[in-house]
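The following note sets out numbered points for the record. Please read them alongside the coordinates.

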Amino acid sequence: MKRFVSERNVEFADCDSARIVFYPNFYIWFDRATERLFASVGLTYQALEQRYGVIGLPLLETGAKYSRPCRHGERLRLESWVDSWREKVFVVNHRIECAGELAVEGHEVRAWAAPAADASRSMRAVPIPGSVRELFV
């Protein structure tokens with residue numbers, strides 16, 4: 001299973017007044033990690049549109065379970081992978097460790113979206129090609 005791993009130091013600007021990561025930052029990092037996971041197999045957002053007519057990977061659901069705070073100055077490690085595929089939807093899981101300990105487990109449910117034929121909607125979920133799924137094995 002293809003995984004994307006990134007590391008960073010928790011900076012002061014990432015934190016709230018208690019010097020722990022302000023929780024919306026985890027969702028920003030999840031979003032960036034998903035984009036980078038897809039780019040790591042050659043599927044940048046530009047490539048998705050050019051090759052598959054996909055105009056985005058919109059979020060349908062997100063969530064996180066927090067086990068410990070991540071504090072200013074700690075080293076953060078984020079690992080992301082596609083956990084499951086459905087016909088038009090997929091699930092990306094994220095695992096964050098801070099200072100070598102599990103801190104956050106998160107998920108995103110995303111759609112494989114193309115422009116909508118109906119002018120009243122901007123996009124619609126379409127089937128995910130098998131060739132895309134194979135890139136993540």
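1. A hairpin of three residues leads from β3 to β4. The two strands, β3 (75-85) and β4 (residues 89-98), are antiparallel and share nine bridges; strands are taken to pair if DSSP finds at least two bridges between them. Within this pairing, E79 has R95 of β4 as its bridge partner. Strands here are DSSP runs of E with at least two residues, helices are runs of H or I with at least four residues, and both are numbered from the N terminus.

2. The model under review is predicted: local features require pLDDT of at least 70, side-chain atom pairs count only at pLDDT 80 or more, and totals for chains, interfaces and linings use all residues. Residues are numbered from 1 along each chain as its sequence is written, and side-chain values use heavy atoms, with hydrogens and water left out.

3. On its other pairing, β4 runs antiparallel to β5 (residues 101-111), with 10 bridges joining them. How enclosed is β4 by the rest of the structure? It is largely enclosed, because nine of its 10 residues are buried, where buried means under 20% relative accessible area, exposed over 50%, and partly exposed in between (1.4 Å probe, protein chains only).

4. The hairpin of β4 and β5 has two residues between the strands, and A99 adopts a positive phi near 50 degrees there. This residue lies in the loop between β4 and β5 and is partly exposed at 46% relative accessible area. Leaving aside residues up to four places away in sequence, A99 touches R68, E74 and R75; contact means heavy atoms within 4.5 Å. By C-alpha positions, A99 and G53 are 41 Å apart in space and 46 residues apart in sequence.

5. How many disulfides does a search of the whole structure find? The search finds one, a disulfide being a pair of cysteine sulfur atoms within 2.5 Å. The bond joins C70 to C98, with an S to S distance of 2.0 Å. It links distant parts of the chain, 28 residues apart: C70 is in the loop between β2 (59-66) and β3, whereas C98 is in β4. The link of C70 and C98 is right-handed, with 100 degrees about the S-S bond.

6. C15 is in no disulfide, and its nearest cysteine sulfur, that of C70, is 8.9 Å away. C15 also counts as buried, at 13% relative accessibility.

7. Turning to the overall fold, the protein chain contains three helices and seven strands, in the sequence order β-α-α-β-β-β-β-β-β-α. Its C-alpha atoms fill a box of roughly 50 × 35 × 25 Å along the principal axes. Of the 137 residues, 39% are buried. Among contacts with a separation of 6 or more, 62% are between residues 24 or more positions apart.

8. The protein chain exposes about 7500 Å², of which carbon and sulfur atoms supply 48%; these areas come from the Shrake-Rupley method with a 1.4 Å probe, and for residues only the protein chains shown count as cover. The mean positions of its 19 positive and 18 negative charges are 1 Å apart. Lys and Arg count as positive and Asp and Glu as negative, while His and the chain ends are not counted; each charge is placed at NZ of Lys, CZ of Arg, CG of Asp or CD of Glu.
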